[in-house]
Each structure stands twice: as C-alpha cells, then as structure tokens.
Amino acid sequence: MKTQAKVFFTVILLLSLGFVSSSVSRFIPAYAYYANTTPSQATAIYHLAPSAINLQHLVLSNSELRQLAKLNDSNAAYQLALSFLQQQDYTAAKLWWQPYFAKFNSAQQQTLAEQLVRAEQWLDLSNLGKAGKLPEGNAKQAWLLQQKIPSAQIDTAYAQQQQFVLSTLSIQASSLCQFNVLMMTDHYKGIDTLKRYKRQYSKAPEPAKGSFCLTDVVYVADKFSCDGSGGALKCNWQNAAAHPWPEGFDFIVMMSKQGAANVRGGIMHINSSQSYAVFLHELMHFNGFEDEYVLAEQKQQWLCKQQGLVAPNLFIANNVSPPKGWQKSIACSNQLAYKPSHNWSIMQYQTMSLSEQYRELWQKQINQPLTKPIRFSEYFAFLGLKPVFTTASKEQNFSD
C-alpha cells in the first residue's frame with residue numbers, strides 16, 4: 001500500500017508541476033529522473049505519456065523493461081532483445097524481438113538483424129527474409145550470401161565494403177610468391193573465415209615469406225555444387241569448364257559449409273568451421289606432405305608398397321633402412337612406415353602448431369621437391385575439362 005501511495009503521490013506531483021501537459025519535451029527529463037531514481041514507478045509514469053518516453057535516456061533493469069514491454073512499448077522490447085542477444089541467450093531474445101519486429105524503427109531493425117548475423121541465427125534471418133521483413137542493408141546481403149544466392153544479386157558496394165570480390169576476373173596472380181592460391185567460397189561465413197585465414201597467414205607466412213600468395217576472397221555462389229553431407233567435402237568440378245579462370249594460379253581453396261577437409265588435384269576443400277591449423281595442414285598437402293594418422297585403405301594399397309622416401313614426411317622401409325632418427329609411423333598397417341619425429345606433428349593432429357622441424361622440411365620440399373606439385377589446371381585436364389584461362393586485362397571479353 002505504501003508503494004502504491006508513493007507512486008500515486010509521484011504522479012500527482014508530476015501533474016501538479018505541469019510536467020505532463022502540452023510540453024512533451026518538459027516531461028522526458030522528469031520521467032528520466034524519476035524512472036532512474038525510483039524504477040518501480042516507471043510503469044505508472046509510463047501511462048501518463050507513453051509517446052514521450054525515450055528509453056535510450058534511461059538505465060532500466062530487465063525486469064523494468066519487461067514491465068514496459070508488456071505495456072506494448074516497442075523500445076523496451078528492442079532493448080530487451082538486444083541485451084539477450086549480446087548475452088548469447090537467443091531463445092530469450094526471440095521472445096522480445098519476434099512479436100515486435102514490425103514495430104521497430106528502421107535503425108533498430110538493421111541493428112537487430114546485424115546482431116542475428118553475428119550470432120549466426122540463420123534460420124531466424126531466413127524466416128524474416130522469406131516473409132519480406134528483413135530490411136535492405138548489410139544483414140540482408142549477408143543472408144543472401146549464406147543462401148548461396150548468385151553473385152549478380154549481391155550489391156557490389158557491399159562486396160567492396162566487406163572486402164571480397166564477386167568474380168575471378170578481377171583477380172591477378174602475384175610474382176612475389178612461389179605459389180598463387182585462389183581463395184573461393186560459396187557462402188557468407190566462408191568469406192569471413194577465409195579473410196581471417198589470410199590475415200593470420202600474412203602475419204606469419206609459412207614456411208617462409210614468399211611461399212604462398214593468397215588472393216582476396218572470391219564469392220562463387222553455388223556454381224560448383226559443393227557438398228559435405230556424406231563425410232569428405234567435395235565439389236562438382238565438371239562445372240569448371242564453363243567458368244573463366246585467371247592465369248598464373250597454382251592452387252584453389254574452396255570453402256563450403258560442411259564436410260571433412262581434404263586436398264585433391266591442387267584443390268583444398270575445407271569447411272568454414274575449421275581452424276587455421278587445419279588450413280595449414282591442408283596447405284602442406286599442396287606440397288606433397290602425407291597424413292601421419294592411418295591412411296585410407298585405398299591409398300595404403302599402393303603407397304605403402306613403395307620404397308624409400310615417398311613424401312617429405314613419409315618413408316617406406318620396404319627392404320631398405322629408414323633415415324637416422326626417423327620413428328615408426330601408424331600411417332601404414334604393414335608397419336613399414338616411418339616419420340621424421342617421435343613427437344606428434346601437425347600432419348598427425350591438425351590442431352597442433354607447425355614445429356620448426358616440419359617448417360624446415362616444408363621449405364626444403366618447396367626448394368627441392370621430391371615430386372612436382374599438382375596444379376588445379378592439371379587436375380582439370382585429367383578430368384577432361386578445357387576451362388577458359390584469362391588475364392584481368394581481358395575482363396571485358398567474359399561474363400561470370
């Protein structure tokens with residue numbers, strides 16, 4: 001009863017002082033003062049002039065915001081939703097943004113949608129997008145990318161802002177590196193992950209500066225129908241014949257949503273949830289390094305019957321002695337495999353860092369290769385494909 005009397009007294013006081021009349025601007029400071037000093041009175045004061053309240057000036061608890069949201073105040077619902085999103089409580093956030101989304105102003109809708117992108121709440125974004133409620137802007141562009149929408153439907157200004165390209169035609173090989181690598185993806189998260197890979201690699205190039213030049217990320221949509229639902233990630237490279245390729249490139253990194261990482265024919269297939277260490281592991285495969293865990297049975301059938309050094313990190317002791325210091329490896333079930341070190345390496349456990357010993361082996365393999373690295377153009381030729389290779393200067397002659 002005392003609280004109710006205090007609220008009533010405050011309301012009467014505000015009315016008597018003339019804070020609630022024709023002057024909305026006079027009411028807001030008074031509301032802010034009483035709501036912040038005595039938050040329990042906020043809902044009672046709200047009834048006086050709800051349209052005058054600007055919640056951005058207030059510091060209210062979630063409990064107080066709930067009271068206002070239940071009075072149909074969309075600003076309170078917005079602040080609640082944003083707060084829960086930042087706390088990564090997506091279920092709680094949805095209770096407040098979903099019923100009120102249409103009532104949020106344009107800036108609020110944009111900010112909330114961008115928070116949903118950061119939180120990777122793609123199903124919620126998809127529901128908004130399909131219902132026509134997702135506002136034009138960065139969040140919608142991100143959702144379109146995640147849906148693998150054709151590159152022609154992506155805003156070029158957005159691509160420039162986010163630092164990725166929509167065509168391989170704008171890409172040029174560099175003369176500063178021994179190998180040039182095309183960085184491609186078919187979805188939004190892949191763009192973000194490949195950009196992160198490139199930043200990390202640029203800070204500490206492996207095995208040495210000038211080894212690999214990584215391009216800007218190229219968004220290729222679903223042109224190569226990549227799928228990893230069956231285990232290893234694979235793409236339909238038969239479609240490569242209809243795609244223009246820049247000259248002077250050795251390898252491709254193709255990133256999709258799911259599937260185990262692997263290298264085949266100068267092409268790295270990797271998913272956007274995998275770590276940078278996995279990327280380095282697969283990069284070493286470009287230069288002929290073999291896995292040091294148990295190899296696939298099909299590969300063992302021919303590789304484990306060889307003799308001598310068959311990879312920078314694999315020696316088959318078939319009637320010959322292994323190099324001094326090399327240790328038994330589990331790669332081959334015939335017990336004839338040896339590896340350079342008794343320690344675990346990045347080629348056995350992909351989450352491990354690159355050791356100095358393996359860095360030196362990698363550099364030696366680049367400078368004095370045991371076997372010639374397989375380029376993706378050679379793999380395409382093996383598949384019987386004849387894709388178009390062009391330079392950036394001839395861009396106008398081709399459409400992507």
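User: In which helix does Q365 lie, and is Q365 buried or exposed?

Analyst: This is a predicted model, and in it Q365 belongs to helix α14, which spans residues 356-367. Burial is read from relative accessible area, with buried meaning under 20%; Q365 has 6% and is therefore buried.

User: What is Q365 in contact with, leaving aside its neighbours within four places in sequence?

Analyst: Its contacts, with those neighbours left aside, are N287, F289, P312, L370 and T371.

User: How should I read the largest nonpolar core, and which residues touch the most other members?

Analyst: In soluble globular proteins, nonpolar side chains tend to be buried together. Here the largest nonpolar core has 72 residues, and those touching the most other members are F164, F212 and F279. Helix α5 (residues 74-86) gives this core its largest share, 8 residues. Beyond four places in sequence, the contacts of F164 include L145, I154, Y158 and V217.

User: Which residues lie nearest the centre of the largest pocket, and how does its lining divide?

Analyst: Nearest the centre are V263, R264, G265, E290 and K299, out of 43 lining residues, and the pocket holds about 1,500 Å³ of space. Its lining divides into 23 nonpolar, 12 polar and 8 charged residues, with the largest share, 4 residues, coming from α13.

Definitions and conventions: Residues are numbered from 1 along each chain as its sequence is written. This is a predicted model: local features need pLDDT of at least 70, side-chain atom pairs count only at pLDDT 80 or more; totals for chains, interfaces and linings use all residues. Side-chain values use heavy atoms; hydrogens and water are left out. A nonpolar core is a set of buried Ala, Val, Leu, Ile, Met, Phe, Trp, Tyr and Cys residues joined through side-chain atoms within 4.5 Å. Buried means under 20% relative accessible area, exposed over 50%, partly exposed in between (1.4 Å probe, protein chains only). Helices (H or I, at least four residues) and strands (E, at least two) are DSSP runs, numbered from the N terminus. Contact means heavy atoms within 4.5 Å. On a 1 Å grid over the protein atoms alone, a cavity is a set of points where a 1.4 Å probe fits but cannot get out, and a pocket is an open set with protein on both sides within 12 Å along at least five of seven lines; lining residues have an atom within 4 Å of a point. Grid points are joined across faces, edges and corners, and a volume is the space filled by probe spheres set on the points. Ala, Val, Leu, Ile, Met, Phe, Trp, Tyr, Cys and Pro count as nonpolar, Asp, Glu, Lys and Arg as charged, and the others, Gly among them, as polar.
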